[in-house]
Amino acid sequence: TLLGTTAYNLDFYPDNRGVVLVGRRRLERAHWWIPPETDEGDDEWSQTRSDRPISLREHTEHVRAEVKRTVDALPLTIPVPVYQHVADGHDLGKADERFQALLRRADRTDAWLFAAVENAIWAKSDGLPLTPGQRRQARERAALPEGFRHEMLSVQLIEQTSLGANITDNLDLVLHLIASHHGYARPFAPVVLDGECPEVTIRGVTLTREQRRELPPHRLDSGIAERFWALTRRLGWWGLAYLEAVFRLADQQASSDENEGILAVEAEAELAGATS
């Protein structure tokens, strides 16, 4: 009755405790039971409805807190620190100066100057272009190549610098959860033809232009696909997808709370309690 007369095939989970609906007809937004759009894997998810931008430090702290609440509530064998490593590294790639220019709706020179004055890297913009034409113009102004994925640069930063040195357990899982948190890396990274690949410095480490260009994530030997298949063999089709969903939903929940100002209210309340 929920689906009305629309034709769907039912594909039951192996344990018969769930079902996947498969159909060729697009879902119409008029139905109350259709869940709202969340992350479509594009840069819109780097926009906040808050009245101010969200820094990378703030967003990372919010995701760390949310993923801890999530993992503590679930019967997982993956320890909380693994997911917190994912939270720490998932948006590092937004430090690319061209992506910062996109978030700030500026060219690269202006974005560099603003970042130097504020001493902050943005994770969320307080306003990104909405139409395809506006988005294209903003990308061109920022000199950001088409298809750029910040999460793939995050993986490069952890793999090729000392940022991954303190991740002693489940490094492959951490890297995959970062690479896949917007829906890619299952198993391939999108092809991005980036002729520049500027140097990126964050948290005291630098990824050089040569390092970025030597082994781009979309290359078949980059390790992205191999990690997916190795983890799938180890955890199973549904097992790996489940672990991906845990982090992806925690990231989305933190972003949603930022949009609604919930986290800002909580922070103000904690500050008031600490000073009273």
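Is Trp 237 buried or exposed? Trp 237 is exposed, with a relative accessible area of 55% (exposed means over 50%, buried under 20%, partly exposed in between, with a 1.4 Å probe and protein chains only). The views below come from a predicted model, where local features need pLDDT of at least 70, side-chain atom pairs count only at pLDDT 80 or more, and totals for chains, interfaces and linings use all residues. Residues are numbered from 1 along each chain as its sequence is written, and side-chain values use heavy atoms, leaving out hydrogens and water.

**View 1. Helix α9 packs against helix α10.** Residues 224-235 form α9 and residues 237-260 form α10, with an angle of about 115° and axes 6 Å apart. That makes α9 roughly perpendicular to α10 (65 to 115 degrees).

**View 2. Residues at the α9 and α10 contact.** From α9 come Phe 228, Trp 229, Leu 231, Thr 232 and Leu 235, and from α10 come Trp 237, Gly 239, Leu 240 and Leu 243 (contact means heavy atoms within 4.5 Å). By class, this contact has seven nonpolar, two polar and no charged residues; Leu, Phe and Trp count among the nonpolar, and Gly as polar.

**View 3. Phe 228, Trp 229 and Trp 237 form one aromatic cluster.** Rings pair if their centres lie within 6.5 Å, with planes over 60 degrees apart counting as edge-to-face. Phe 228 and Trp 229 are edge-to-face, with ring centres 4.9 Å apart and planes at 70°. Trp 229 and Trp 237 are also edge-to-face, at 5.9 Å and 85°. Phe 228 is buried at 3% relative accessible area, while Trp 229 is partly exposed at 36%.

Key: Axes are lines fitted to C-alpha atoms, for helices over the stretch in contact, and angles run from 0 to 180 degrees between N-to-C directions. Helices (H or I, at least four residues) and strands (E, at least two) are DSSP runs, numbered from the N terminus. Angles under 35 degrees count as roughly parallel, over 145 as roughly antiparallel, 65 to 115 as roughly perpendicular and the rest as oblique. Rings of Phe, Tyr and Trp (its six-membered ring) pair if their centres lie within 6.5 Å; planes under 30 degrees apart count as stacked, over 60 as edge-to-face and the rest as tilted.
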